[in-house]
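Load the model in your viewer and keep the selection panel open. The stops below are given in the order in which to select them.

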Amino acid sequence: MSKHVQTLTLILHLQLFGATLFAQDESLSSVVKSGEDSGIDPFLNYDLSLWGNTSGGITRGVRFNSLLEFGATADTEKLGWWDGGQIYASFLWNEGNLTDIPLTGLEGAFGLDHNQASDTFRVYSVYYQQNFDSDRYTFKIGQLLADDDFMASNYAGLFVNSAFGVLPTIGNLSGFPEFPVAAPGVFASAQVSQEVGLQTGFYTNDAGPDEGSNWGFDWRLGGTAGYAWFSEANYAPTLGGLPASLTAGFFMQIDGVATDQGTGDTVNDEELYSVYFMWDQSLAQDDKGNDEVGAFVLVGYNLDDERYLVNPFYMDAGVNWFGPIAGRENDVLGAAFNVGTYGSDYRAANPTTEDSQWILELTYSAQLSDNAILQPDIQYIIDPEGASADDALAVGFILSVSL
């Protein structure tokens, strides 16, 4: 893509974002409200981001990334069919040059922007969901995303680097369905009590590549694809008089393909295992019970032979400060870090890679209106995996609008 085409494409996306942002008149609201009342709830989310690398890493310049997600949910009860059912369908359009020309040297699961993906339009999630017993039990089947339901921290979701919330120990090991490619699977959850919840999911382990030619159906079932199995147990106690959430998770690849990181050879019918732990903790609340400060810690560890592992160990932690500026109670200031270690066989095959990579992130989510957010972001990368140069410093922002 030439610089002129890149500039024209960016201008087009800025115009698209502006049109979406200001399309908030009464007629649009009435259309959405009418759809909700009839049982069809449409949605649209649009993110536009700009990024620059100021030092270290691989190269300079400004790169952009855009993501349009749209779709609808059909409520079977409102449609007059049966109680507790939902039919969900969503679609993605991604475009940008952030993935075409690397800036910082971040690779794999450690993307600079959690929205970056290959340029294409694709079918995303399409599934049926059934809730039972006042939503205590949930079952889903269809084209799903494991990271919609697993490895999700309430406080880590603020941060922009794609490693937060989706463990690199698993993402670099398996082909399970995660952003931006969904694939067939089933999911079930049970709220056993007010404090205890359980959930499990079973998916194909080959969701297909993130390539422009993949319109959402390049997944494979059975054979050498294998399967991915997730399970989580959550406990929500009160610690120090404030709410907390403790989660223990387990991942297993069943009869899938594994790559020998030293030789690059692939081995079929391998079973691989990983575990992870998450702790969300409210640190301060106002008189109404709303969070003022919250923190999180997430740790992942692979239990397998080092020969197959890119990241044997991963950890992230951070803090959210809600309403840091008087009169702006919906804004959030966040500071966090993540670190991933690299396996000995992987380092032997990639001699410029250090023992570990650290990312420090500082971000601020500013509420512009009821459905628009501006989020400036700074990321400092220590020993970037894909760059032999010095540590990198990237700055950028994301404009988000939802309708």
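A salt bridge here is a side-chain nitrogen of Lys or Arg within 4 Å of a carboxyl oxygen of Asp or Glu. The model is predicted, and it holds seven such salt bridges.

**Stop 1: charged pairs**

Select Lys 140 and Asp 149, whose side chains form a salt bridge with an N to O distance of 2.9 Å. Is Lys 140 buried or exposed? Lys 140 counts as buried, at 5% relative accessibility. Asp 149 is buried as well, with a relative accessible area of 18%, because buried means under 20%.

Go on to Asp 260 and Arg 307, where the salt bridge spans 3.0 Å, N to O. This pair links distant parts of the chain, 47 residues apart: Asp 260 lies in the loop between β10 and β11, and Arg 307 in the loop between β12 and β13 (313–322). Asp 260 counts as buried at 10% relative accessibility, whereas Arg 307, at 28%, counts as partly exposed.

Then pick Arg 136 and Asp 133, a salt bridge whose closest N and O atoms are 3.5 Å apart. Arg 136 is partly exposed at 33% relative accessibility, and Asp 133 is partly exposed with a relative accessible area of 45%.

**Stop 2**

Select Asp 47 in strand β1 (residues 40–55). Show the neighbours of Asp 47 beyond four places in sequence: among them are Asn 65, Ser 66, Asn 115 and Ile 398.

**Stop 3: the largest nonpolar core**

Select Met 151, Ile 170, Phe 230 and Tyr 276, which touch the most other members of the 48-residue largest nonpolar core. Strands that each supply at least two residues of this core include β1, β8 (227–235), β11 (266–285) and β17 (392–402).

**Stop 4**

Colour strands β14 (residues 332–341) and β15 (residues 356–369), which run antiparallel and are joined by 10 bridges. Phe 337 stands opposite Leu 360 in β15. Finish at the hairpin that joins β15 to β16 through two residues.

Notes:
Residues numbered from 1 in each chain as written. Predicted model: local features only at pLDDT ≥ 70, side-chain atom pairs only at ≥ 80, totals over all residues. Heavy atoms only, no water. Helix = DSSP H or I, 4+ residues; strand = E, 2+ residues; numbered from the N terminus. Contact = heavy atoms within 4.5 Å. Pairing = 2+ DSSP bridges. Core = buried A, V, L, I, M, F, W, Y, C linked by side-chain atoms within 4.5 Å. Buried < 20%, exposed > 50% of the residue type's maximum accessible area, 1.4 Å probe, protein only.
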